[in-house]
Structures are given as C-alpha cells and as structure tokens.
Amino acid sequence: MSAPRQTKSFLMSKLREIGVEPNSRHGQNFLIDLNLVQMIADSADLGPRDVVLEIGTGTGSLTTLMAPLASHVVTVEIDGNLFELASEQLLRFDNVTQLRVDALHNKSTFAPEVMDAVGEALRGTPDSRLKLVANLPYNVATPILSNLLLCEHTPHSMVATIQKEVADRIVAEPWSKDYGALSVWMQSQATTEIVRIMSPKVFWPAPKVESAIVRIVVDPERRAAIPDLKYFQQIVRALFLHRRKFLRANVVSAMKRHLTKEQIDAVLDEMGFAPDTRTEQVDILTLQAFAEKLRQLAPDWTL
Ligand SMILES: C[S@@+](CC[C@H](N)C(=O)[O-])C[C@H]1O[C@@H](n2cnc3c(N)ncnc32)[C@H](O)[C@@H]1O
C-alpha cells in the first residue's frame, strides 16, 4: 500500500490557498490517511462495468483513486471552493462528471441533476452497475444511503464512511439497542457489514465521534420480495417511532385513520404477536409479512 499522502499540512495549505476553513455544517472532515482512502476504494471492488456515485468530492482524493478503475465517476460537491480545487485534479480524467450541487433535493429525494448524470453514465456503460462509494458528509449520510435504495437507479452496492453509531444501526440485529427502522430497511434488501472502524484522528478536522466504513451489497431477491418499497419504508418507520411503546400501540397510533382497533388486533393475532411484543423483538422477515398484511388492508396509508 502507498504511504499516506493527503496529510493534514498538505490539506491545510491547499485550503488556505483558496481561503477555505473546513465547514462543520457540511461535514467537512477530510481523511488524512490515504491508506484509508485506498481502503474505501478497494472495498468497493471497482471494475469497468461500474458507474460510481460519490457524494462529497472534497479535494478529490477518493475520486482520483476510483476514476482509473471504474467506467465513470459522478462526483457531487456542495462547496464551490472545493469544487474548483478538485477540478484541478480531476481535469485529466475524461470519465469523471463533477457536479456542484447539494446532492439532496430534500430529505427524501436526490437532486435531479445527480440522477440525470448517473442515468447518462449508466446508459453509456455496457452491462452497467451503480455503486455509491464515498466518505459521506455525516449530516446527510443516513438520507443518502436510505434514499438511494428508493431512487430510479438501484445501486449494486454502497461503500461509505459514516459515523460508527449509524453503521452500528445499519448492521444491528433484533433485540439489540441499535436495531431499528434503519437496520430493517437496509437488511431487508442487502447484506451489510462494517469493514473498518476509524478513530477521529484519521480525519482533519477530527470529528467528535468514531467513524466506520460500511459495505452494503444489494440482494435483488430480497428486494423483489418487498412488493411496495416506499410503503414498507414508511411502515417500518412508524413501527419503531416510539421505542418504549408496544408494537400494538405503534400500529394503532400510525393507522388510526385507516384501520379500526379490531382490524389491527385481528392482524396481530394472525401474526401470533403477544400483546406485549415490542417492535425491536421482531425479525425482519416477520416485519415484512406484517407490513404486507397492513398494506393489503390499508393500501392508501402514508406516514
Ligand atoms: C467528509 S467530507 C469528504 C471529502 C473527501 N471525499 C475526502 O474523503 O476527503 C464530505 C464532503 O461532502 C461535501 N458535502 C456536504 N454536504 C453535501 C451535500 N449535501 N451535497 C454534496 N456534497 C456535500 C462537503 O463539502 C465535503 O467536501
């Protein structure tokens, strides 16, 4: 492996040159150990079929490693100064599309420019696959990973650096404190693993919390077993909304305008849930079956 090159002093001088102070609002914590940047790229196992979506170009260090491996890289940066800085590095690649935009249009949808650029790159690559690979800005890491599973271009996989606390929730199992809507949403459609835990020291500026590289590989069969992904995402959110309440209370409160208590009790009985069952005790396949029964009874329900 190559020695770390993106040092703190290199980054500080580059950013000072263009008058930029890292902005915590935009999650600007740069990886200063290039071995770890390399590890993110390696964990994505990139090849000529792969179209990469990177959110958060930063200085372009990860982009530069990925461009020679992939068919195309669409890299998105919100900060105009960083966009300019990275374009000096990235000009030499004819397979990199750099976008200067907020990747998220709102909490639940990507900016249309991002999806358009991804669509174009996918169409231009034979037998293409979409992979998200990024050192994500932490303030938007969860919506980015969650929303990509609902967008028009289904990813093959996602490899991302995120807060360890979010990574723990993604891989959590039933009965654990971290098991929740995010675990169910991700694991119902993908295999999930933590590849590496990272100390705050490998970033500049150092964030307050530990980070992790997470790898999420979509399983098309699992996805196909969920008839309405949007409905499933929302119902799972509703079932975990009040962790201290029993499952029944969460369903009654979410569905009050759509189903009577008698209808809800009938479904709970059919599923064999005890009156004191809590959502965090229910495994993913059972939650899927339960959500589908609710959808059959109340197809127009939304959160
Ligand atoms: C954690 S840094 C990663 C930078 C670089 N990839 C690296 O590894 O050093 C996150 C980057 O995402 C950018 N960013 C933050 N919010 C964004 C958003 N909503 N859309 C696009 N980029 C964003 C920040 O400006 C920052 O450059």
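Is Gly56 buried or exposed, judged by its C-beta neighbours inside 10 Å? Gly56 counts as buried, because it has 28 such neighbours. A residue is buried with 20 or more other C-beta atoms within 10 Å of its own, exposed with 12 or fewer, and partly exposed in between; C-beta atoms are placed from the backbone.

The model is predicted: local features need pLDDT of at least 70, side-chain atom pairs count only at pLDDT 80 or more, and totals for chains, interfaces and linings use all residues. Residues are numbered from 1 along each chain as its sequence is written.

**View 1. Gly56 and its contacts.** Gly56 sits in the loop between strand E2 (50-55) and H3. Helices (H or I, at least four residues) and strands (E, at least two) are DSSP runs, numbered from the N terminus. Gly56 touches Glu77, Ala134, Asn135, Leu136 and Pro137, not counting residues up to four places away in sequence. Contact means C-beta atoms, placed from the backbone, within 7 Å. Thr75 lies 19 residues from Gly56 in sequence, and 7.0 Å away in space, C-alpha to C-alpha.

**View 2. The shell around the ligand.** The ligand is surrounded by 22 residues, and the closest are Gly56, Gly58, Ala103, Asn135 and Pro137. Strand E1 (30-31), helix H3 (61-66) and strand E3 (72-77) each give two or more residues to this shell. A residue is near a molecule or strand if its C-beta atom, placed from the backbone, lies within 6 Å of it. By class, the shell has 11 nonpolar, 8 polar and 3 charged residues. Ala, Val, Leu, Ile, Met, Phe, Trp, Tyr, Cys and Pro count as nonpolar; Asp, Glu, Lys and Arg as charged; the others, Gly among them, as polar.

View 3. In the unreviewed UniProt entry, the "binding site" annotation covers Asn29, Leu31, Gly56, Glu77, Asp102 and Asn135. UniProt positions follow the numbering used here, feature names are shortened, and annotations may be inferred rather than shown by experiment. Glu77 lies in strand E3. Glu77 counts as buried, with 28 C-beta neighbours inside 10 Å. Leaving aside neighbours within four places in sequence, its contacts include Gly56, Thr57 and Arg100. Asp102 is in the loop between strand E4 (96-100) and strand E5 (104-106). Asp102 is partly exposed, with 17 other C-beta atoms within 10 Å. Beyond four places in sequence, Asp102 is in contact with Ile78 and Ala111.

**View 4. Helix H7 and its cover.** Helix H7 (residues 164-171) is largely enclosed by the rest of the structure, because 6 of its 8 residues are buried. These are Val166, Ala167, Asp168, Arg169, Ile170 and Val171. Their cover includes helix H6 (141-148), strand E8 (157-163) and helix H8 (181-187).

**View 5. The largest nonpolar core.** This core has 81 residues; Val52, Met66, Val133, Ala160, Ile162 and Val236 have the most contacts inside it. Helix H10 (residues 229-239) gives the most to the core, with 6 residues. A nonpolar core is a set of buried Ala, Val, Leu, Ile, Met, Phe, Trp, Tyr and Cys residues joined through C-beta atoms within 7 Å. Outside four places in sequence, Val52 is in contact with residues including Leu46, Met66 and Val133.

**View 6. Domain 1 and domain 2.** The domain assignment gives domain 1 (8-223) and domain 2 (229-297). Their contact takes 10 residues from domain 1 and 13 residues from domain 2.

How values were computed:
Two residues are in contact if their C-beta atoms, placed from the backbone, lie within 7 Å. Domain bounds come from an automatic or database domain assignment.
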